[in-house]
Amino acid sequence: MFFTLKKIAGGLLLPLPLLLLTMAVGLLLLWFSRWQKSGKIIISVGWALLLALSLQPIADGLLRPLENRYPTRNQADNIDYIVVLGGGYTWNPAWAPSSNLIGNSLPRVTEGVRQWRMHPGAKMIFTGGAAQRNPVSNAQVAATVAASLGVPQADIILLDQPRDTDDEARAVKQRVGERPFLLVTSANHMPRAMAFFHHQGLSPLAAPANQMAIASPLNGWEKALPSPLWLSHSERAVYEGLGSLWQRINGKQAAGSGADGKPAP
């Protein structure tokens, strides 16, 4: 129950639902109260914020600091496991396997497979429990996609009980112990994920995937026009900010770790 309430509360605090609720309050004031000026101000502020968060320079400016904390990993290391954290998914056996991985999940799996090819002999660990009323777990769907990309079943391990990153860190600790491993998750999620794993006394090597904040040149109109794509980038930045705040409140960072989840020097 608490997990569900946490997800609902967090979802309502994301930019689109929060700003729509804000503007709805303004509309109610305009239509059903004498607070006409207040209603106009609330609607105007909500509209301006929604516009700003839908512009590429602002959205990617919010997201880029998170994604730049850990660089893409291209070197081979002496590691035993590659841990790929779960993300959004569904399950329709009539679809191509990769179509069942939603949003950030597919880039995580493909980066995990790329790392597996660079590290012969390593085992891939996929995490993530089943969503409500879904007969297949997140970990199972991700493993199915990895197998379709050439990873043999003998190199795949499922941890299909964890429901969030905190649970995933505990489950991985029980499975790998002190052995070295790569941690694969979205670049914007990596600082928070590393903090959870450091809190468990683990020292993963970060292998970020799914970088989204664009630094390469764009057409002028792509920067000037609002887009749901850029709004989704702002959403990720806000989501991770809220997650980090909750993490600090719960004391889930390793002792002495910084805001980026890295142990302090």
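Q: In this predicted model, what covers the buried residues of H7?
A: Start with the residues that need covering: Thr165, Asp166, Glu168, Ala169, Ala171, Val172 and Val176 are the buried ones in H7. The cover over them includes strands as well as a helix. On the list are E1 (81–84), E4 (123–127), E5 (156–159), E6 (181–186) and H8.

Q: How far does H7 reach from its first C-alpha to its last?
A: H7 has 12 residues, and at 1.5 Å a residue the expected value is 16 Å. The model comes out close to that, with a reach of 16 Å.

Q: Which residue follows H7, and what is its phi?
A: H7 itself covers residues 165–176. Next along comes glycine 177, and its phi is positive, near 60°.

Q: How are H7 and H8 set against each other, and what is the hand of their crossing?
A: Two packed helices are described by the angle between their axes and the distance between the axes. For H7 and H8 (residues 190–199), the axes come within 9 Å and cross at roughly 45°. As for the hand, the crossing of H7 and H8 is right-handed.

Q: Which residues make the contact of H7 with H8, and how do they divide by class?
A: H7 brings Thr165, Asp166, Glu168, Ala169 and Val172, while H8 brings Ala193, Phe196 and Phe197. Sorted by class, the residues of this contact come to five nonpolar, one polar and two charged.

Q: What angle do the axes of H5 and H6 make, and how does that class the pair?
A: H5 (105–118) and H6 (residues 138–148) have axes that come within 10 Å and cross at roughly 50°. That makes the two helices oblique to each other.

Q: What hand does the H5 and H6 crossing have, and which classes make up the contact?
A: The crossing of H5 and H6 is right-handed. Leu106, Val109 and Val113 of H5 meet Ala142, Val145 and Ala146 of H6. By class, that contact has six nonpolar, no polar and no charged residues.

Q: Is asparagine 104 buried or exposed, and which residues is it in contact with beyond its neighbours within four places in sequence?
A: Asparagine 104 is in the loop between strand E3 (101–102) and H5. Its relative accessible area is 15%, and the cut-off for buried is under 20%, so asparagine 104 is buried. Leaving out its neighbours within four places in sequence, its contacts are Gly87, Gly88, Ser186, Asn210 and Arg236.

How values were computed. Residues numbered from 1 in each chain as written. Predicted model: local features only at pLDDT ≥ 70, side-chain atom pairs only at ≥ 80, totals over all residues. Heavy atoms only, no water. Axes fitted to C-alpha atoms, helices over the stretch in contact; angles between N-to-C directions. Helix = DSSP H or I, 4+ residues; strand = E, 2+ residues; numbered from the N terminus. Left-handed = near helix turned anticlockwise from the far one by under 90°. Contact = heavy atoms within 4.5 Å. Nonpolar A, V, L, I, M, F, W, Y, C, P; charged D, E, K, R; others polar. Buried < 20%, exposed > 50% of the residue type's maximum accessible area, 1.4 Å probe, protein only. Parallel < 35°, antiparallel > 145°, perpendicular 65-115°, else oblique. Expected span 1.5 Å × (residues − 1).
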